[in-house]
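Visitor: Hey, can you walk me through this one? I'd like to start with whatever the record annotates.

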Amino acid sequence: MFIYLEMGSTNSTLSKIPNVEELMQETGFSPAHIVRLYDRFQTLDKEKTGQSTDFGAINRLAENPIGDRIIGAFFSSGQEKLDFHSFVRILAHFRPAETSRPRDPCMPEPFNSRTSKLKFAFQLYDLDKDGKISRAELLQVLRAMLEMQVTEEQLESIAERTIQEADLDKDDAISFEEFRKSLDRVNIDHKMSIRFLR
């Protein structure tokens, strides 16, 4: 009986979402995930307009030292609010990648692919959106992430070493390709996950 009631509730919620099948196909989220995300979005949509800006209410983002940058990445230039479909598409970047299923080359790159996750992370550093991470941009993000844990001199040393190691073309900045190569051995799925999706 409990399973039937829960399934009925899931179907009822899913029926409220336009193009939900397409959204699940595009993002890889299950019906249960979509329902959880819909419930979460409804709590963030304080004015009940079907759009939200209150992503600081997501505890994990609010606690993150660069949470404001992550929230900023949710929005396109000039955009102030986000609808549910856009919210789900962005959060799909934080869904673990499926390595067992072969990728259809005719389909666009999944949001949760390694490349898509790295592009999302790259834009958190590329503050001026010029396609490169400069020393100044790297320092600004390091300051936010490390706050008072290290001295300014140590921060500058970390930024200098990072640029030296990652900057393969020696233009004193890190391109996306250099960023990708420098993170070859990093488990990006582990680094980019949001607990409330589980």
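This is a predicted model: local features need pLDDT of at least 70, side-chain atom pairs count only at pLDDT 80 or more; totals for chains, interfaces and linings use all residues.

Visitor: What does UniProt place at 113-148?

Guide: The UniProt entry, which is unreviewed, puts the feature "domain: EF-hand" at residues 113-148 and also at 154-189.

Visitor: And how far apart are the end C-alpha atoms of 154-189?

Guide: They lie 29 Å apart, and that span is 61% helix and 8% strand.

Visitor: OK, zooming out. How many helices and strands does the chain have?

Guide: The chain has 11 helices and four strands. Of its 198 residues, 37% are buried. The accessible surface is about 12300 Å², with 52% of that belonging to carbon and sulfur atoms.

Visitor: What about contacts between residues at least 6 apart in sequence?

Guide: Among those contacts, 56% join residues at least 24 apart.

Visitor: Which residues have the most contacts inside the largest nonpolar core?

Guide: Those are Ile 34, Phe 84, Phe 87, Val 88 and Phe 179, in a core of 44 residues. Several helices each supply at least two residues of this core, including H3 (31-44), H6, H7 and H10 (176-182).

Visitor: Lots of Phe there. How many aromatic pairs does a search of the whole structure find?

Guide: Eight. One of them is Tyr 38 with Phe 84, an edge-to-face pair at 5.3 Å centre to centre and 85° between the planes. Tyr 38 is in helix H3 and Phe 84 in helix H6, so the pair ties together parts 46 residues apart in sequence.

Visitor: Are Tyr 38 and Phe 84 buried or exposed?

Guide: Both are buried. Then there's Phe 122 with Phe 179, also an edge-to-face pair, with 5.3 Å between centres and 70° between the planes. This pair links distant parts of the chain, since Phe 122 sits in helix H7 and Phe 179 in helix H10, 57 residues apart. Phe 122 and Phe 179 are both buried too.

Visitor: Which residues do ring pairs link into a cluster?

Guide: Tyr 38, Phe 41, Phe 84 and Phe 87.

Visitor: What lies 2.9 Å from a polar atom of the Arg 95 side chain?

Guide: The backbone oxygen of Thr 27 does.

Methods
Residues are numbered from 1 along each chain as its sequence is written. Side-chain values use heavy atoms; hydrogens and water are left out. Buried means under 20% relative accessible area, exposed over 50%, partly exposed in between (1.4 Å probe, protein chains only). Contact means heavy atoms within 4.5 Å. Accessible areas come from the Shrake-Rupley method with a 1.4 Å probe; for residues, only the protein chains shown count as cover. A polar contact is a pair of N or O atoms within 3.5 Å; within protein, one must be able to donate a hydrogen and the other to accept it, and residues adjacent in sequence count only if both atoms are side-chain atoms. A nonpolar core is a set of buried Ala, Val, Leu, Ile, Met, Phe, Trp, Tyr and Cys residues joined through side-chain atoms within 4.5 Å. UniProt positions are given in the numbering used here, feature names are shortened, and annotations may be inferred rather than shown by experiment. Rings of Phe, Tyr and Trp (its six-membered ring) pair if their centres lie within 6.5 Å; planes under 30 degrees apart count as stacked, over 60 as edge-to-face and the rest as tilted.
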